[in-house]
Amino acid sequence: MMGNTLRWEMNAFVGFIERQKNLYRRYWAWEAVWLLYNLVSVLSIGYLAAGLSTLGVERSSVNLQQTELYLLIGALLWTYLSMVFFEVSFAITWERWEGTIEYTFMAPIKRLTHLLGMCAASLIYGILRAAIIGLAVVALFRLDLSHANWLTALALFAAATLPLLGLGIFTSILPLLSPEKGEQMAFAVQGVLLLISGVYYPITVLPGPLRVVGMVSPLTYTLDGVRQALLHGLSLAAALPDIGILLLMGVVLVPASVWCFGRAEVRAKRLGLLKRSG
Amino acid sequence: MAIHESELNRTAVEVEGISKRFGEAVRPHRLMPWRKAKKPKLALDQVSMHVETGRITGILGANGSGKSTLIRILATLLTPDAGTASVFGYDVVRHPAQVRRHINRVSVEASFFKEMSPWENMLYAARLYGSGGDGTRDRVEAMLDRLGLPLDTLDKPMKQLSRGQQQKVAIARSFLTSPSLLLMDEPTTGLDPRSKREVQELVRSIRRDRAATVLLCTHDLQEAEVLCDRVLVIDQGRVLAEGAPAELVRSHADVGGSLEDAFMRLTGKRLEEDEEEKEE
């Protein structure tokens, strides 16, 4: 019985990944545009760093190579993190827009399967897209990664996945609460994360209250840790506290977000919001 | 999912005193006084009904009469404010997972991922209902062939299909999951007469071959007359009459009258009048 249930849920889990793959393939022109946009954004940040010397910044006063790498890592990671965040948080918006939301919500599957299926598809797609952009960056910039500790960077990257998905699921609740404004609110959340998580600067430059908020953002630990690993060869042992914090955040955020999603679904069913037009 | 032997001869749908109101009667918000409170609308008012397994039951009513609200409650997409509803003995609010395993739905809008093909949409649906492996493509082709849909449309994006073709794919999608209870909300709206007849024949066949129960919301009183074992006339959220079509004609229409005449007598208006009122 248990085995059958698990097989049923696994089948649905695969169904969500398969569906997203088909959607990405069918909307290839949009996807190409977004990829180009992301690529251009990352390259712009890279060239901004490369051009600092022509803007009057003395080579002796700042390590331009390190700055370039610092900003490129931030831009690349943000591209990946924001993409995964966007895909997960738009799980509901997209279905409402297509008009399929009722069919997905009345399917005989657990909501956890639905959300994890969407998360898995987003992760796979996010990694593929970030890899393409990463290859372009490596090809266009002469990066010195001789000190990089790839194992630590990978471990931090993996640990960041859980809290990131939790945040994404939390944000996907917004369109359930407000069909009209939920989408814009998700963009606002993404914007706040960009501001407080130290994507392009250390959070120490932020004013006090924002710095405190930045310290509870999992992206702060991810960006800082990955930078330390790639720029200064941070060892895995030294990164363990950050990995621990990220995992702890994930352990709290994922179940909490799934629970909140369930409560939002109950509310949406009460108010009649689970439909195409809202 | 097909019904279990023990579920045969059971009541398929039991609805007791269901009410549903949209929009709460609230005072203007203290902090946002410019925001007007929505006028509440009573969509269902103490509706009760009983549907036996293996029957086709029609729900007749104009737009806004509460038909779709009732269907959405049974589909576990909406919770009632009062009353209870159960499907094969499972309460739609307390046991939605069990209810979902027995039902599927065809709505008036063919709801699909528009860029994806009929095959991709149906494969996705099959996956959510525990199948999608070997043999699914053959089943999908057989189903669409039976509905008279050219097989060369199977891999084209849905948006390139006509409204009628999309609706046929929606019907095939619901049949693919072999539901014990099929909730059909105006499934033949927008179909040409030939397609409409093909769909009606298919509805009969799933009842005949699979002992499935069908709840059919329709505007088309002729369709209800030929397809349904029983009908329920609903207006402004209230059930006005219930019975076999012939019984309703006998009780509510003049001699030689039709179901439409009975409907007019019961609701005090024609369906078209209601449509006009709504447009105004």
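## A walk through chain B

Start by selecting strand E9, residues 230-235 of chain B: E9 pairs with E10(B) in the antiparallel sense, over 5 bridges. To see one of these contacts in detail, pick B:Val231, whose bridge partner in E10(B) is B:Gly243. As you look around, keep in mind that this is a predicted model.

Now widen the selection to the whole sheet. Which strands make it up, and in what order? Reading across chain B, you will find 6 strands in the order E6-E7-E8-E3-E9-E10. The sheet is open, and its pairing is mixed.

Next, colour the two edge strands, E6 (103-106) and E10 (238-243) of chain B. Each has a single partner strand, so one side of each is left without a neighbour in the sheet.

Finally, show both chains and move to where they meet. The contact takes 26 residues from chain B and 26 residues from chain A. Which elements of chain B give two or more residues to the side that touches chain A? Select helix H2 (96-100) and helix H3 (118-128) of chain B. H3(B) gives the most, with 5 residues. Colour this side of chain B by class, and you will see 13 nonpolar, 5 polar and 8 charged residues.

How values were computed:
Residues are numbered from 1 along each chain as its sequence is written. Chains are lettered from A and ligands numbered from 1 in the order in which they are written. This is a predicted model: local features need pLDDT of at least 70, side-chain atom pairs count only at pLDDT 80 or more; totals for chains, interfaces and linings use all residues. Two strands pair if DSSP finds at least two bridges between them. Helices (H or I, at least four residues) and strands (E, at least two) are DSSP runs, numbered from the N terminus. Two residues are in contact if their C-beta atoms, placed from the backbone, lie within 7 Å. Ala, Val, Leu, Ile, Met, Phe, Trp, Tyr, Cys and Pro count as nonpolar, Asp, Glu, Lys and Arg as charged, and the others, Gly among them, as polar.
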